[in-house]
Amino acid sequence: MKSDYMRKKFIFKTICFIIMICLLIVIEKKIKHSNFITTLHRTDNKEQGDVLHYDAAAKQDASQFSVSLSGFYFDNPTETRQIGRPVSITDSNSNMFYSVNYPEIGIAHIDEVLRNDVQEELSKFCSGASGYIADNDSMRIGLTVDYCAYLTGDSILSVVYNIIYDSPEYTNPLQTVRTHTFLLCTGKEIGISTLLSGDYLQYLSDSVTGYLASDPELSLTMNDSAYSEKYEPDEINFKNFAFSKSGLTLYFDPYTIAPGEFGIISVPINAQDIMPFIIYDPFKESNIPYTPPAETAPPVIQSEIDPSKPMVALTFDDGPRGESTNRILDVLENYNCHATFFVVGTNLSKYPDTVKRAAAMNCDIGNHSFGHAKLSTLNKKGIKAQFSKTNDILKKYINKKAKFVRTPYGQTGNILKHVNFPVILWNVDTLDWKTLNAKKVIKAATKDIEDGDIILMHDIYNSTAEAVETIVPKLLSQGFQIVSISELFKYRDVTPKKHKVYFNLKP
């Protein structure tokens, strides 16, 4: 009996030993294979100047991804809205406002995904807004959803939603970004791993690292592990992305890879650099169905200012904001016009290139305080600080300080004795912040306008940027010259005085 027990015990131990040996062999092979793959994917070649090398994707036939674009919607394509037709849902009352924009593409499943996303966001906002009572218009809560739609060749659609929540509880509006990328041949939404292969995750991580390191301010955040772990080579870190004809862009919400003050961070990777990792070549010219435009009179381009002719000043508050402000600058540049941007100090570090561009175009950069504070609630020192802090930042970015200020909410009264600048208000209020409707803004800025008017808008809204694309040529065609505040004073032969408020400059 004992002999039988010992024999079984020996057999059991022998089997366990054999299994252990087999496992060790398998593990050793996996380690060797892993080391081989790691070496293949990413090596440090000293002979080539410490250049990182990555494993590239195996290429597939691009024709299998191509589709005919004849059934898609192309309503007035622009650089940021290359495909689709816009749909808008807007509402405004004394307590809240919203402006939700999304595209219809022409494929039922894609349109359903894009529509459901924004409608869920709107439902969530309306549910949270129910019962809210605003003390005044400036205390309203709001939701703005805008989009960009990019077409890459004839195979990839990417839609980028920019979502902004406004509330008096926030120092600055809350921003978030959400993206959807589709293969047009299937109509299915895809993740980044569908199109990229090889050692792409490490490449994307290194690209973000390089982008942050190239910015003196962003580079200071790179040693914070709470931020750096959000761009480690893990697919979950690159869920917000968009392809376009220029390449791939990665998007990161505020507080993700840098402090919230930097806003949404977009990291561009050009087509040539991402090509080694994408499974086919999508970066070709797309054959977009062409609809000839209706015949119109040639646009009026503003030439040298004639002081004897009518002129108006377009002014914009609360910016800069990257996309919408640059869209307005594009229009001004195309028509050779100047405007005035009353900037908020807290936004300047987010969009320094935008304010530099406006200044380089000879637009006026005015001072709209540092944090859009209600000046009547501050003491003398606080009021002065609101404008001096913003001027210090402007000096850093554009090498000059603002000559004019616009007080937040257009406040005047006793605070003016502490505002050591000419104060520029307005006599035409488009109420663009309230309606968020381009057609209404166009009407307000072009109907019953008179020589010397100062028109108020806000460059933080895409609906305003859309309106400006019509306002500028329409005012020019009506015989007005569009000038900056500096030019208005110059051609009216008026010297602006400190502490004085100007609503317009009639001839």
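Visitor: What joins strand 7 to strand 8 (residues 188-189)?

Guide: Two bridges do, and the strands run antiparallel. Two strands count as paired if DSSP finds at least two bridges between them, so strand 7 and strand 8 qualify. Please keep in mind that this is a predicted model, where local features need pLDDT of at least 70, side-chain atom pairs count only at pLDDT 80 or more, and totals for chains, interfaces and linings use all residues. Residues are numbered from 1 along each chain as its sequence is written, and side-chain values use heavy atoms, with hydrogens and water left out.

Visitor: Which residues stand opposite each other there, and which one takes a positive phi in the hairpin?

Guide: Phe 182 stands opposite Glu 189 in strand 8. Four residues lie between the two strands of this hairpin, and Gly 187 there takes a positive phi near 75 degrees.

Visitor: What makes each of these a "strand"?

Guide: Strands are DSSP runs of E with at least two residues, helices are runs of H or I with at least four, and both are numbered from the N terminus. By this count the protein chain comes to 14 helices and 19 strands.

Visitor: Why is strand 7 (residues 174-183) called mostly covered?

Guide: Eight of its 10 residues are buried. Buried means under 20% relative accessible area, exposed means over 50%, and partly exposed lies in between (1.4 Å probe, protein chains only). Strand 7 is also joined to strand 6 by 10 antiparallel bridges, and Ile 156 has Leu 183 of strand 7 as its bridge partner.

Visitor: How do you know that both faces of strand 5 are covered?

Guide: In a regular strand the side chains alternate between the two faces of the sheet. On one side of strand 5 are Ile 141, Leu 143, Val 145, Tyr 147, Ala 149 and Leu 151, and on the other are Gly 142, Thr 144, Asp 146, Cys 148, Tyr 150 and Thr 152, all buried.

Visitor: Which strands pair with strand 5, and in which sense?

Guide: Strand 4 (residues 96-104) pairs with strand 5 in the parallel sense over five bridges, and Ser 99 has Thr 144 as its partner. Strand 6 (residues 156-166) runs antiparallel to strand 5, joined by 11 bridges, with Leu 143 opposite Tyr 165. Strand 5 and strand 6 form a hairpin with three residues between them, and Gly 153 in the turn has a positive phi of about 60 degrees.

Visitor: Why is Arg 492 called buried?

Guide: Its relative accessible area is 13%, so Arg 492 falls in the buried class. Arg 492 lies in the loop between helix 14 (485-491) and strand 19 (501-502). Leaving aside neighbours within four places in sequence, Arg 492 is in contact (heavy atoms within 4.5 Å) with residues including Pro 307, Met 311 and Asp 451.

Visitor: What makes the 41 residues a nonpolar core?

Guide: A nonpolar core is a set of buried Ala, Val, Leu, Ile, Met, Phe, Trp, Tyr and Cys residues joined through side-chain atoms within 4.5 Å. In the largest such core, with 41 residues, Leu 314, Leu 332, Phe 341, Ile 365, Val 472 and Leu 475 touch the most other members. Helix 13 gives the most to this core, with seven residues. A second, separate core has 36 residues, among them Tyr 200, Leu 212, Leu 250 and Ile 279.

Visitor: How do helix 12 and helix 13 cross, and which residues of helix 12 meet helix 13?

Guide: Two packed helices are described by the angle between their axes and the distance between the axes. Here the axes come within 8 Å and cross at roughly 35 degrees. Each axis is a line fitted to C-alpha atoms over the stretch in contact, and angles run from 0 to 180 degrees between N-to-C directions. Ala 438, Val 441, Ile 442, Ala 445 and Thr 446 in helix 12 meet residues of helix 13 including Ala 467, Ile 471 and Leu 475.
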